[in-house]
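Here is a structure to read term by term. Each question asks what a label rests on.

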Amino acid sequence: MPQDLFQSPDYFNLDELLTEEHKLVRQSVRAYVKNDITPVIEDYAQKAAFPKHIIKGLGEVGCFGPTIPEEYGGGGLDYISYGLMMQELERGDSGVRSTASVQGSLVMFPIFAYGSEAQKRRYLPKLASGEMMGCFGLTEPDHGSDPASMLTRFKEEGDHLVLQGAKMWISNAPFADIAVVWAKDESGEVRGLIVERGMEGFSTPETHGKWSLRASATGELVFDQVKVPKENLLPGVNGMKGPLSCLTKARYGIAWGAVGAAMDCYDTALRYSKERIQFDRPIGGFQLQQKKLAEMITEITKAQLLNWRLGVLMNEHKATPGQVSMAKRNACEIAAHIARDARQILGGMGITGEYSIMRHMMNLESVITYEGTHDIHLLITGMDVTGLNAFK
Ligand SMILES: Cc1cc2nc3c(=O)[nH]c(=O)nc-3n(C[C@H](O)[C@H](O)[C@H](O)COP(=O)(O)OP(=O)(O)OC[C@H]3O[C@@H](n4cnc5c(N)ncnc54)[C@H](O)[C@@H]3O)c2cc1C
């Protein structure tokens with residue numbers, strides 16, 4: 001079983017910027033990851049299975065919907081707390097963080113922000129505890145980076161909506177109880193619907209053969225003339241603003257999460273570099289290895305500062321989607337580089353499951369791709385600073 005010796009890097013004393021509550025939240029998730037995730041996650045990743053038994057613990061530690069108000073079962077916490085939670089979870093595994101991000105930012109957030117009071121009361125408390133799990137259906141087989149061109153549609157028939165289409169690459173789909181699905185109505189407007197497992201014509205086949213996020217369950221959502229009650233339509237939003245506002249929340253969590261993965265890779269490589277002797281000295285004493293470690297901690301520190309500042313802006317409701325894109329893109333980029341360099345520092349041992357680095361490295365290939373690819377986030381920043389759209 002892999003040992004968890006994690007020492008959190010904090011080169012610029014960022015802890016001084018955190019409140020006691022932030023530190024308590026972080027400590028409880030860190031302890032949870034150490035006790036419940038790291039002992040088992042490698043095994044689940046190796047066998048490409050999601051550890052379903054962790055759902056209860058994730059709910060208990062408050063990782064589902066931490067920013068949702070307490071009256072709906074959420075944590076009522078601020079965005080720095082939410083970010084720290086995602087950082088700690090992804091320090092354990094990106095797949096575990098993905099499960100929590102989807103549940104909180106992509107399922108609970110739209111129900112909270114755009115749902116009716118009845119929908120909020122019906123779903124949010126159960127989603128917060130993990131008694132009910134959700135997934136988010138936006139991407140389609142033929143429309144990934146360009147979701148506005150989606151083909152999934154619904155039309156009114158009596159007191160029902162009839163949904164037809166398919167979604168692909170959906171995290172948590174194989175076991176989710178509900179799906180928040182984005183589809184076009186008869187006028188071509190994008191709307192959100194809550195589709196429940198068991199509705200006739202709704203199936204969720206699992207996607208197999210992934211080399212990345214192996215401990216996360218991914219699947220399709222197939223809608224074959226599914227009759228969805230009208231009361232399952234989210235009344236509060238029309239158009240792409242619905243899914244995009246959810247993605248902004250989730251991308252914020254990814255920015256913190258990817259830095260968590262980078263911190264774990266750096267910490268592992270630093271310890272190994274001091275213990276591994278070659279040519280009669282620790283490999284950490286060689287300049288080439290020090291260059292890698294010094295660059296890693298520099299990039300981690302910059303990304304930690306960016307995330308903290310973004311968290312402050314989120315708390316003040318001032319953060320822009322462009323700022324969130326920049327932080328997500330930067331965190332994924334540095335984390336992927338750090339994982340690669342860290343793996344090299346471990347030599348052959350770096351490719352084994354005895355250490356977490358190779359798993360992080362493979363996971364980060366999904367994290368850099370989902371919720372807007374690396375290139376798409378660059379285009380968002382480009383459009384933000386020039387005012388010119390280079391997408392089309
Ligand atoms: C493990 C995993 C889990 C996921 N979970 C979910 C989920 O829960 N829910 C959900 O809805 N989706 C989910 N996704 C889907 C994910 O968001 C998409 O994969 C992503 O948005 C990219 O879409 P695509 O794969 O279709 O790539 P494409 O859009 O086909 O892009 C292919 C390449 O073309 C580039 N490209 C596209 N357009 C342009 C352009 N205008 N200019 C320059 N380059 C361009 C892209 O950057 C990329 O490099 C998940 C994906 C993965 C891998």
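A nonpolar core is a set of buried Ala, Val, Leu, Ile, Met, Phe, Trp, Tyr and Cys residues joined through side-chain atoms within 4.5 Å. Buried means under 20% relative accessible area, exposed over 50%, and partly exposed in between, with a 1.4 Å probe and protein chains only. The model is predicted: local features need pLDDT of at least 70, side-chain atom pairs count only at pLDDT 80 or more, and totals for chains, interfaces and linings use all residues. Residues are numbered from 1 along each chain as its sequence is written, and side-chain values use heavy atoms, with hydrogens and water left out.

Q: What makes up the largest nonpolar core, and which residues have the most contacts inside it?
A: The largest core holds 100 residues. Leu89, Ile111, Leu127 and Trp182 have the most contacts inside it. Helix H6 (residues 241-275) gives the most to this core, with 16 residues. Another core lies apart from it, with 19 residues, among them Leu161, Ala183, Leu193 and Val195. In soluble globular proteins, nonpolar side chains tend to be buried together.

Q: How many helices and strands does the chain have?
A: The chain has ten helices and nine strands. These are DSSP runs numbered from the N terminus: helices are H or I with at least four residues, strands are E with at least two.

Q: Why is the chain called as compact as a globular protein of its length?
A: The radius of gyration is 21 Å, close to the 21 Å that the globule rule gives for 392 residues, so the chain is as compact as a globular protein of that length. The radius is taken over C-alpha atoms, and the rule is 2.2 Å times the number of residues to the power 0.38. Along its principal axes, the C-alpha trace spans about 80 × 45 × 40 Å.

Q: What share of the residues in the chain is buried?
A: Buried residues make up 55% of the 392.

Q: Why is Ser101 called buried?
A: Its relative accessibility is 2%, so Ser101 counts as buried. Ser101 is found in helix H4 (residues 94-114). Leaving aside neighbours within four places in sequence, Ser101 is in contact with Met86 and Leu106. Contact means heavy atoms within 4.5 Å.

Q: What makes helix H9 (residues 357-367) mostly covered?
A: Eight of its eleven residues are buried. They are Ile357, Arg359, His360, Met361, Asn363, Leu364, Ser366 and Val367. The buried residues of H9 pack against helix H1 (20-46), helix H3 (79-92), H4, H6 and helix H8 (321-345).

Q: Why are Phe279 and Asp280 called exposed?
A: Phe279 has 73% relative accessibility, so Phe279 counts as exposed. Asp280 has a relative accessible area of 76%, so Asp280 is exposed too. Phe279 lies in the loop between strand E8 (277-278) and strand E9 (281-282), and Asp280 also lies in the loop between E8 and E9.

Q: What is the phi of Phe279, and what is the phi of Asp280?
A: Phe279 has a positive phi of about 50° although it is not a glycine. Asp280 has a positive phi of about 65°, and it is not a glycine either. Most residues other than glycine have a negative phi.

Q: Which residues does Gln46 touch, not counting residues up to four places away in sequence?
A: Gln46 touches Arg214 and Gly353. Gln46 is found in helix H1.
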